[in-house]
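My notebook is open and the model is on the screen. I will jot down what I look up as I go.

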Amino acid sequence: MDLELVPVSAPPRDASGSSERRQRTRLVPRPSAPFRAPPRPAAAAAHLAPWRPGSDTRRAAVVGRGAALRLESSAAFHSLVIRDGGMLVFADRPRGPPITLRARYILIHDGGELHIGSERCPYGSRATISLYGRATDGAAVEGFGQKFLGVGRGGVLELHGRRPRSWTLLDKTLYPGGLRYGPYSSEKRWGSRGLNLRILDAGTARVLAAARFDTHLRHGECGRLRSFLAMQPPGTVVAAAVGDSASRSLTLETRLLLRDRLGSAHIARLRHRQPWALVGILGGDQPSAAEDKREYHGSGTTGLAVARREFLTYDGTRFTVTAFSGWIKGVPHNGFKVEASSGIILHLVDEVTSWLPGDRIVVASTDYSMHQAEEFNLLPCPECKSNQVKIDGSPLYLHIGEVIDGVDMRAEVGLLTRNILIQGEMEDSCYGQNQCQFFSFDTFGGHIKILRNFSSVHLSGVELKNMGQQILGSYPVHFHLAEDVDERGGYERPTYLDNLAIHHCFSRCVAIHGTHGLLVKDTIGYDTLGHCFFLEDGTEQRNTFYHNLGLLTRPGTILPSDRSEVMCLAIRSHVYGNYVPVPSTDCMAVSTFWIANPNNNLIANAAAGAQDVGIWYIFHRVPTGQSEGQYPEGQAEYTPLGVFHNNRVHSNFKAGLFIGKGVKTTRANAEDPREYLTVDNARFRPHQDADPEKPRVPAVIDGLIAFKNNDHGAWARGGDIIFCNSGFSDNGIGLTLASDGTFPTDEGSSLEVTRSIFVGESSNFGSQGGQNSYWGKGANGEYRTLPRNKTFPIRGFQIYDGPVRMVKCTFKKFIPTVDRYSSAIGFFMKNSWQISPQNNVSQILMEKSVGLKVFFGRSGQWFGNNDNDGDKMSIFHDLDGSVTGYLDTFIGRADNYLLRHPGCLTVPCWNGVMCTGKFAQLYIQARRPENLTLSIARAAYHSHPLRLQGVNRGAPYQQYQPVVMLEQAYIIQWDGRAPEDIILYPINFNRGDWLHVALCYPREAVFQVVADIYQRRTGMVHSVKRYLAAPSRASALNGTDEQLFYFDRASGYLFVHLQAHEAREGHSYCSQKGCERIKIMAHMYPGDSWSCDPNPFLERPAATQRPVSQHPAEPCRVCGAPQVPAVSPVCLHKTSLSFLLQINDTVFLFNSHGIFFVVVDACSGAVVSRPEKFPSCVEGACAVLLVSERTYPENHNLCVCFSGSFAMLGYKGQAKPSWIKVLNHAGYRKAASLQHYVPLKLKEYQCPANADESLKFKQLMTSLTV
């Protein structure tokens, strides 16, 4: 057996004063190990020798040939090397003390094995690997660094702890303080003399009224007190406390009233300055009241009289009401508290019996700020159900536990505790060269690094804390150039990370570098620096991220894309010269999932809060870092997307999902001084086999949920990309689709969104605090958190470039306010780029809550002058009239007379116009000069020209792309002498489509005009034909196949007939043969005049177009996204005193006072009773939807009294589902409105065995308004 304990010399401690001495690594020479020796299961080892090595941080331990050891007690070394077939196994003794192994580093290689538990027999005890040392201690180990657990060639690392449920979702909203209306606290000293009262709703814990009555000095206050109590309904909670003194003018009548109505035993004998407090039920008896008093002796200190009583809300939440009164050092004190009782119970979607008392959890933010994530410890909870836990703290923020408006906004709840812990030991504060200008805390944590040709690595049920370093390559878990780690790489058991909890770490979560085929499953990454789940060089493929949760992803310093604005400006050591980075474009891209190659799978993950982006697909034009040269230029951009299914993104600042952009792949130089790997431009254009010569392969984004992202729910640039079955809610902008590029740089692609829901302002009002910057009134007048700014123009679907399509989508709650615009459909602001007239929508459902369907912007804040080329050219096509109400209608900006005709309809609130017709684009390239403003007008509206600045992309030409109506005449002029070279491309023209174009030139100009077909991909030109000068304008414009132009020297206009002769397919801008074009080369003499008349087509009448109003659309019965639940909605609407309840196709009408019950079967969703009415004792109306188990309720004996509007979603049966809801509003308040999605056929309903199993995953949508 080869077991060595090698002492390591200890030089004097360093100047930093560290208690640990510097150590020098000594690796004992060893023979080569077999390649990938198969691991031996720990349980299969014939003889595991007990090992109790003790603690000596000066020793370097080696477990070598023939050593098979069972670590039975805690140990500490300078270092531990396991090699040459040596094996170390942690003893599993659940009743014994935990085992902790401390070392500066642990290295496993050449057949060495480290085991804690196994797949079949997870570790049941508690084990800790603790990596210690400062950055200034000792030398780094080549290839691994310092403070690490490393796996080299032939190494085996098998860590398998208990596998509790990693994370789930809230199933019931968690309110601040644990109560729907939050906790309440009030404390007064002087200025509160008399009786202080609080009135509460016992069913909701809401404080309804607060009042003070000076019954000490003012005689009339007793009458006011009696009147106040008479106004309160019986059964409300009353809390009372004396401030200073309340007895002198407190009449006997009033004392007796308080005794009888509140059940007070002491109020009748209340004396001068006597502290007294009571919590009771109005109309209750003495046993129901909690009451306390103290004697006042003139000493100035009495202590506090404290009355405290617990109550239960409608939805089962226990809360405590406290009243107190007393004197402290001559100062009167009184006050009230309303708070959830000790230990708030969380209702979760899944069974969590594997979560234990003492474990720690995190509840994600469901608001704009990721900083609203909150941590709690779990308490013992014998009363909890299998899907409930009790927490020891009180939440500060709102955490949603509901599906709202069809979008699942339920907060993620993650378990941070595992019974195997790997941690870094940390200093109390930052020190040395550890980026202390950015971080006040120590960031030199431990790290795990796995190199290629390891034998076996599987981690499950492991917690990693204080791991990672702000050093390139030192991450909590790092697969470094490991290549294929699944069957393709020869591994019988593919490598995986399963059920890890990575939290409070200092550099990423999981880094996959030059590694393929890794499975990362059920892993949490929480409160980390830099990109969390990280693909590094752009070569990483076939990796699968399944059901992982990342949240609170903060900026780091390692890469430009990791950095915040401050870091970006401060770190300039790798730029060229004096270049100053631009943070918004060079940096500020830190993401929870940084996906550097599209050929990876993301399934059921949640990106629940990053400083910048939740999931970012970024493209390396060539592989970077140590992977340089592994694929040809551009391959990643052409690679088809892996599976993207059912991922959630929320609480991110820039975007939930971002598809587009790349990284700079060249070093900083004089030509481009930016740092290597700075964020750069790229386009995603997936093709079969990553070959641009083969057909496009659509990238499908299926089931994305994006909500409460400050800027974008999702942004995608490229093509073809399809979003489907997705939900966008409460984002600054729900979804922006931008094309692969701008003509002529791409061959034409498309983007699409279908069967998706867009919500402007949901009932997720959010919470102040946690770095939420904006709090203001929503469209309904209630205060809420807001994205970006109080005035930011909210848009559901934003059109940019194109062509984009939207089909079968639903829009809800886009309502402008006095502070901001909010539109269902909008356009990219301050847009200089082209907009395609092939952008189209169909089968769109705009619900009644949409106040502004379309908005083209107006000059002012956010929109600037609203005068860029793309702003003016904004357009889309309403194919079926589902947006405009008119079939086959184009919608453009109101002042765009290139589109207008007499049959158009102006919509002032949209700043838009609806027109019929045929539209395409005219692409104009201009050279010598390249800085002119183009003026283009349709002959029929020559007095309303459109002026275009062009898009200067640094190319040696300027480009303009007006949208034009086909079969019309257009006039082009310039703000200077015409360019010498002009190229006209008819793009998006079908075969036979044409325009007549007149271009203004000096009258002495001489022309050469050529037609050809240009192949963008090859840069080749073919079918070259020279134009001849025509004898007349009519002959040049007659539309024959002759290539003719006509220059009218009298007017200064050159006339050409521009027509597409070749067929175009799909969304290509040009024909399959290439882009047809006309090139005009003009020779002009200095001093020539270029002034032309406004309209050379005066004799040509405007072509007639079909009026919009002649083709109204029929009502659309199949428009909009399918409802999230598979069962038809249940809705209750109020009109005066009439209530319409619709369940599937059955309609019930109520038109009188009372309480109405409807019973629905919880197993099938079927209505099992006709509505029944019960009288109430006051005017008003109530609605109750009772979801019942199979036994139908009989012999109701109900007497309920309500004072206003009441709505209830309840359950009859033994179970108490978390979706039970009750709203009770006073008569003067707004209607009670209740909406919820109710799951059918849950296990707790005890449905019959023969019930339809397909209903298990369906939901019943309920909406009650009274």
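**Entry 1**

I began with Ser651, which is buried at a relative accessible area of 1%; buried means under 20% relative accessible area, exposed over 50%, and partly exposed in between, with a 1.4 Å probe and protein chains only. Ser651 is not a glycine, yet I read a positive phi of about 60° there. I find Ser651 in the loop between strand E49 (648-650) and strand E50 (655-663); helices (H or I, at least four residues) and strands (E, at least two) are DSSP runs numbered from the N terminus.

A note on the source: this is a predicted model, in which local features need pLDDT of at least 70 and side-chain atom pairs count only at pLDDT 80 or more, while totals for chains, interfaces and linings use all residues. Residues are numbered from 1 along each chain as its sequence is written, and side-chain values use heavy atoms, with hydrogens and water left out.

I then turned to Asn499, in the loop between strand E36 (496-498) and strand E37 (501-503). Asn499 has a positive phi of about 65° and is not a glycine either. With 4% relative accessibility, Asn499 counts as buried. I noted these angles because most residues other than glycine have a negative phi, and most peptide bonds are trans.

**Entry 2: cis peptide bonds**

I looked up the bond from Gly719 to Asp720 and found it cis, with omega near -5°. Asp720 sits in the loop between E54 and strand E55 (721-724). The bond from Arg928 to Pro929 is also listed as cis, with omega near 0°, and Pro929 belongs to the loop between E72 and E73.

**Entry 3: salt bridges**

How many salt bridges are there? I get 55, taking a salt bridge as a side-chain nitrogen of Lys or Arg within 4 Å of a carboxyl oxygen of Asp or Glu.

Lys708 and Asp367 form a salt bridge at 3.3 Å, N to O. Lys708 is in the loop between strand E53 (705-707) and strand E54 (712-717), and Asp367 in the loop between strand E25 (360-363) and strand E26 (374-379), so this pair ties together parts 341 residues apart in sequence. Both Lys708 and Asp367 are buried.

Next I checked Arg717 and Asp801, whose side chains meet at 2.8 Å, N to O. Arg717 is in strand E54 and Asp801 in the loop between strand E62 (794-799) and strand E63 (804-807), 84 residues apart. Arg717 is buried at 9% relative accessible area, and Asp801 is buried at 0%.

Arg928 came up again: its salt bridge with Asp981 has its closest N and O atoms 2.7 Å apart. Here Arg928 is partly exposed at 45%, whereas Asp981 is buried at 17%.

**Entry 4: the nonpolar core**

Which residues touch the most other members of the largest nonpolar core? Phe723 and Phe811 do, in a core of 133 residues; such a core is a set of buried Ala, Val, Leu, Ile, Met, Phe, Trp, Tyr and Cys residues joined through side-chain atoms within 4.5 Å. Strand E47 (residues 613-619) supplies the largest share of this core, six residues.

Setting aside neighbours within four places in sequence, I listed the contacts (heavy atoms within 4.5 Å) of Phe811, among them Phe758, Phe797, Met806, Ile844 and Val850.
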